[in-house]
Amino acid sequence: MKKILIVLFISLLGFTSQAQEKKSKNAKHTVEVQGNCEMCKKRIEKAAFSVSGVKSATWSPDDKQLHLILNEEKTSDLEVQKAIAKVGHDTEKVKATDEDYKKLHTCCAYDRN
């Protein structure tokens, strides 16, 4: 009888430890990105998705916020900001080079600080 109780107890422990929820590797981030229009939106989102580990990227021309969901084991928001700066858009932490900024279409030329 003791052996049966011990086996049941060990089995119960095994099932409860497996049933625990795994910690998600994905994290939400919001980054300010300069831009003006729908062409900017496409360019910014495409640059964000070019970074491995980005699950979702949505930029709004109204509030100039890029909402990201990314796998933090594969990338960081800083890596995404570097990719966006390479296509000509300033972000919170990374500024686009003058050369990259000058490649933007005239409607996409935002006021630089």
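Are Y101 and Y110 buried or exposed? Y101 and Y110 are both buried, where buried means under 20% relative accessible area, exposed over 50% and partly exposed in between (1.4 Å probe, protein chains only).

## Basis

This is a predicted model, in which local features need pLDDT of at least 70 and side-chain atom pairs count only at pLDDT 80 or more, while totals for chains, interfaces and linings use all residues. Residues are numbered from 1 along each chain as its sequence is written, and side-chain values use heavy atoms, without hydrogens and water.

## The aromatic pair

Rings of Phe, Tyr and Trp (its six-membered ring) pair if their centres lie within 6.5 Å; planes under 30 degrees apart are stacked, over 60 edge-to-face, and the rest tilted. The count is one aromatic pair. Y101 and Y110 form this edge-to-face pair, with 5.0 Å centre to centre and 75 degrees between the planes.

The charged end of R112 sits over the ring of Y101, 4.5 Å from its centre. This term requires NZ of Lys or CZ of Arg within 6 Å of the ring centre and within 35 degrees of the ring normal.

## Salt bridges

A salt bridge is a side-chain nitrogen of Lys or Arg within 4 Å of a carboxyl oxygen of Asp or Glu. The whole structure holds seven salt bridges. One of them joins R112 and D90 (2.9 Å, N to O). The two residues lie 22 residues apart. R112 is partly exposed at 28% relative accessibility, whereas D90 is buried at 5%. Salt bridges with shared partners join D90, D98 and R112 into one network.

Note on methods:
Helix = DSSP H or I, 4+ residues; strand = E, 2+ residues; numbered from the N terminus.
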